[in-house]
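Hello,

Here is the structure we discussed handing over. Please look through it, then read the notes below.

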Amino acid sequence: MTASSPDLKAFLLATPFFGGLTDASLDLLISMLVECRFDAGATVVAEGEQGRSMFIVKSGRLAVSKRADSGSAIPISVLERGDFFGEMTLIEMQNRSATVVAESETVLYELSAQKLYACYKADIHAYVIVLQNINRELCRRLRRADNRITRRQLGGEDTSAR
């Protein structure tokens, strides 16, 4: 479990995942988070493995990649403080869609599907806000991916990994 502090609350409220939550709802979700630490080079999640949790980046830098048919890793994005990942497994209950590797020492907060379900049971309003926040972020990512695909189709160079 994670100890609650004013700094932690301020950090979490500034992330897209926790925006709009009341103090009580935020306290409930904070009590459900588990802090995880990874050394540089550590694989946090691997494409294809079963996943039943998501992560919020407290500190560090992570690289997201997908495997090409040839087996090589294709860079997808970079994650830093305040970003979150792994949420797709909570929604669609499928295996991990990408590999995430810590590029530097990294601290993450993990929220499991089981804990998110407990949030649903305890505070349906908080649960709905969290899902709405996840959906907003997924839409933002889809728009960025659409833009990257369009630029590539037009022969433009894509330098935005975010």
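Buried here means under 20% relative accessible area, exposed means over 50%, and partly exposed is in between (1.4 Å probe, protein chains only). This is a predicted model: local features need pLDDT of at least 70, side-chain atom pairs count only at pLDDT 80 or more, and totals for chains, interfaces and linings use all residues. Residues are numbered from 1 along each chain as its sequence is written, and side-chain values use heavy atoms, with hydrogens and water left out.

Salt bridges. The structure has 10 of them (a side-chain nitrogen of Lys or Arg within 4 Å of a carboxyl oxygen of Asp or Glu). One network links Glu-87, Glu-137, Arg-140, Arg-141 and Arg-144. Within it, Glu-87 pairs with Arg-141, with closest N and O atoms 2.7 Å apart. Glu-87 lies in helix H3 (residues 87–92) and Arg-141 in helix H5, so this pair ties together parts 54 residues apart in sequence. Helices (H or I, at least four residues) and strands (E, at least two) are DSSP runs, numbered from the N terminus. Glu-87 is buried at 2% relative accessibility; Arg-141 is partly exposed at 24%. Arg-144 also meets Glu-137 (3.8 Å, N to O). Glu-137 is buried, at 9%, and Arg-144 is partly exposed, at 31%.

Nonpolar cores. These are sets of buried Ala, Val, Leu, Ile, Met, Phe, Trp, Tyr and Cys residues joined through side-chain atoms within 4.5 Å. The largest has 24 residues, and Leu-29 is among those that touch the most other members. Helices H1 (6–13), H2 (23–32), H4 and H5 and strands E3 (53–59) and E8 (106–112) each give it two or more residues. A second, separate core of 14 residues includes Val-44, Ala-98, Ala-102 and Leu-108.

Strands. E7 (residues 99–102) runs antiparallel to E2 (residues 43–45), joined by two bridges. Pairing requires at least two bridges found by DSSP. Thr-43 has Val-101 as its bridge partner in E7. E4 (residues 62–67) also pairs with E7 in the antiparallel sense, over four bridges. There, Val-64 is partnered by Val-100.

Regards
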